[in-house]
Number of protein chains: 2
Amino acid sequence: MSIPRPRIVIIGAGFGGLEAARALGKSEADITLIDRRNFHLFQPLLYQVATAALSPGDIAWPTRSIFQHRKNVSVLMAEITGVDTVARTVTDGTAVIPYDYLIIATGAAHSYFGHDEWSQFAPALKTIDDALKIRERLLLAFEQAELSTDPEQRLRCMTTVIVGGGATGVEMAGAIAELAHRTLLGEFRQIQPEKTRIILIEAGPRILPTFPAHMSEIARRSLQSMGVDVRTGSQVTDCNAQGVALSDGGHIDAATVIWAAGVAASPAGAWLDAARDRAGRVQVTADLTVQGFPEIYVIGDTASVRGKGDRPVPGVAPAAKQMGQYVGKVLAARLLGNATAAPFVYSNLGDLATVGRKSALVSMGRLEFSGFFGWLFWCIAHIWFLIGFRSRVVVTFNWIWNYVTFKRSARLISDRD
Amino acid sequence: MSIPRPRIVIIGAGFGGLEAARALGKSEADITLIDRRNFHLFQPLLYQVATAALSPGDIAWPTRSIFQHRKNVSVLMAEITGVDTVARTVTDGTAVIPYDYLIIATGAAHSYFGHDEWSQFAPALKTIDDALKIRERLLLAFEQAELSTDPEQRLRCMTTVIVGGGATGVEMAGAIAELAHRTLLGEFRQIQPEKTRIILIEAGPRILPTFPAHMSEIARRSLQSMGVDVRTGSQVTDCNAQGVALSDGGHIDAATVIWAAGVAASPAGAWLDAARDRAGRVQVTADLTVQGFPEIYVIGDTASVRGKGDRPVPGVAPAAKQMGQYVGKVLAARLLGNATAAPFVYSNLGDLATVGRKSALVSMGRLEFSGFFGWLFWCIAHIWFLIGFRSRVVVTFNWIWNYVTFKRSARLISDRD
């Protein structure tokens, strides 16, 4: 009589889910990796898709291709909508998939702080689709400015507001400044794209709050030298068809508003009816399982985990990867009969943020640098973590080409309805 | 007193419009190039976007970037909806743009022979959006087959029908065979993608009817050796949610149906109220102007032109380019006072069609070859005509990578609503 192989279901093929599946790929278990998309997305470079520097295919890989040779890993494209913790199954509303162990790695979505109606005016940047929508709005605004004869309308078309001064907001502001002030230079006959207004709005006292204060200052100065209007201590109180309203009573007319401010965890916490923090992230135990459910792990942006000094582990790619690797190893050991696991410890590798061409901030413990060498470091680090030879070559080539010519490779306004 | 510069309006930035603008770029005239998209598309490789081998950005270039340094060329993104031949203006419904000379190069769309309701079931391949829609359907069908437990449903998901055996249909059939039978090999656990049924339906007696008969036979055999079911002399009488119905009374259940059968000219003929042929193309005079309107030229797929032996000039890229170059030169000479023009003569450079990896047909007058050298010739010819260094490098690299690994670079099922 053969013992049935344990069934491990992983929901989400982001950084966390992918690492967990990889770490488990050699274990004697049947692994099902489920994602609502058919690809793994390298989210740190998504802002480059939104600003026409890269194509979606450059930073996304078919999940099943990654696990082609791991015959015990099945990849399914389905959107999970619920977990039955008693029957131990997950479902997408049609299929019911049983599990012995469950790893939830469903990530996070953007949050408009209770104002979901703002999303139509101020798209956020989480998915390929978001990036293409933002790319379309950015490029279309210049075309409309060129066609317009009304100076006010033209000014509005040539104004972009970015809400949120974290890494995404800063990277978007820098990339849009490059696009408008350099790439489009000389291509219009009625407008001067170099006069585009780019306004970065941050509610807190400084941009890049996870960096040391003096590095935030470097970033602010870099952005200003690129023509970005950086406004800290300013809160957006409304987004509408015309632009944004600010807490100081002002209003900015802008054709393009980009939301880079809030993040909310996926609804996985509700599926489990588990304790959650304010952002909706599931409170997990020291080994990343859910209290009362030793067979359910929650990792990545969906998990609320504390690191050194009781500081929350940030919702960044390296943290998700570390949790995925940890759970993969712990679970592989459990399958071999080793039930006790050392608690998960987050190792903060540091922070990276790029501020347009030729400048990036690197903060890794005592090691801090910025400027051109920071930018080179940033480039190499990102190329390193891309999956596969093809993406590395194509992204490197596109970056060099972009660097030399200022041109961007994917300046398409798509014609979908 | 200065003489006002003549205003030349070109509608359409396809092969014809682009060449006309280039040929006129150095003349003493103000040129306005209008297109409803912001990019020029290299349509001959669109089937590779539809089959996930290339990204849209690889075969599309921002039109205004192409004319960045031609200061007398203005590029506008607008969808022209009418021409006033008396006032000599064109309009998009809002702006009114005056012309002294007008060049209409608005191309062609697909035709469902009076059955426009088929388009939802059988998308055609004319735009980037069409290509992404087809890519999504093709890839999604395999994901659905993997999830399905019903054998009939699974078979339907793994059946693709291509309607029309011209160059587009043949190239799609070959590329889909490669995708299904090679790229996806070993990536699924429940289905065997190598068993995908690919059915090419042609109403006429042979595929590739513009080629000599013996080359059609080579193409048919190549496709059959790749596992494509080629059915000539068979007509599609209905497309519906389940699949297609055939003139012999049969019905094929297919999740993916691709329309590569009919072409209709753009509505430019109706704008002018000019004489048109059955496909809606405008009857033009020997110098490609419209009878009674010596200031209006119609070129490319929108024009009905006769070549050697009174045979119609085909709706292909080289013909559109030749007409664009001809009109550009003739009009430049007219502006210099040279009013008489030699008639347009179409020079048939030959036909090219690729049948999957390693095989292509080349028919250039007496020169005919096929197989691997045909395929190399096809690759070089297409790389040659791509615009710009970046696209040539990226497409070449993607092809080599695809050739060596069988992998495809843009296998994304987009998540747009």
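Copies of a chain are superposed by least squares on the C-alpha atoms of residues with pLDDT of at least 70 in both, and the legends below describe a predicted model.

**View 1. Chain B and chain A as two superposable copies.** A rotation of 180° with 0.0 Å of shift along its axis brings chain B onto chain A, and the RMSD of this superposition is 0.0 Å. That is the relation of a two-fold axis. Of the interface residues of chain B, 100% are also interface residues in chain A, so the copies meet through the same surface.

**View 2. The side of chain B that touches chain A.** Across this interface, 40 residues of chain B are in contact with 41 residues of chain A. The elements of chain B that give two or more residues to this side are the strands β4 (60-62) and β5 (73-77) together with the helices α3 (63-66), α4 (128-147) and α11 (389-405). The largest share, six residues, comes from α4(B). Sorted by class, the side of chain B that touches chain A has 18 nonpolar, ten polar and twelve charged residues.

**View 3. Helix α1 packed against helix α9 within chain B.** Helix α1 (residues 15-24) and helix α9 (residues 317-335) of chain B pack at an angle of about 30°, and their axes are 7 Å apart. Because angles under 35 degrees count as roughly parallel, α1(B) is described as roughly parallel to α9(B). The crossing in which α1(B) passes α9(B) is right-handed. On the side of α1(B), the residues that make the contact include B:Phe15, B:Leu18, B:Arg22 and B:Leu24, while those of α9(B) include B:Ala317, B:Met323, B:Val327 and B:Leu331. By class, the contact of α1(B) with α9(B) has eleven nonpolar, five polar and four charged residues.

View 4. B:Arg156 lies in helix α5 of chain B, which covers residues 151-157. A residue is buried if 20 or more other C-beta atoms lie within 10 Å of its own, and B:Arg156 is therefore buried, with 21 other C-beta atoms within 10 Å. When its neighbours within four places in sequence are left aside, B:Arg156 is in contact with B:Asp253, B:Ala254 and B:Ala255. B:Arg156 and B:Ala141 are 15 residues apart in sequence, and in space they are 8.7 Å apart, C-alpha to C-alpha.

Definitions and conventions. Residues numbered from 1 in each chain as written. Chains lettered and ligands numbered in written order. Predicted model: local features only at pLDDT ≥ 70, side-chain atom pairs only at ≥ 80, totals over all residues. Helix = DSSP H or I, 4+ residues; strand = E, 2+ residues; numbered from the N terminus. Buried ≥ 20, exposed ≤ 12 C-beta atoms within 10 Å, placed from the backbone. Contact = placed C-beta atoms within 7 Å. Nonpolar A, V, L, I, M, F, W, Y, C, P; charged D, E, K, R; others polar. Axes fitted to C-alpha atoms, helices over the stretch in contact; angles between N-to-C directions. Parallel < 35°, antiparallel > 145°, perpendicular 65-115°, else oblique. Left-handed = near helix turned anticlockwise from the far one by under 90°.
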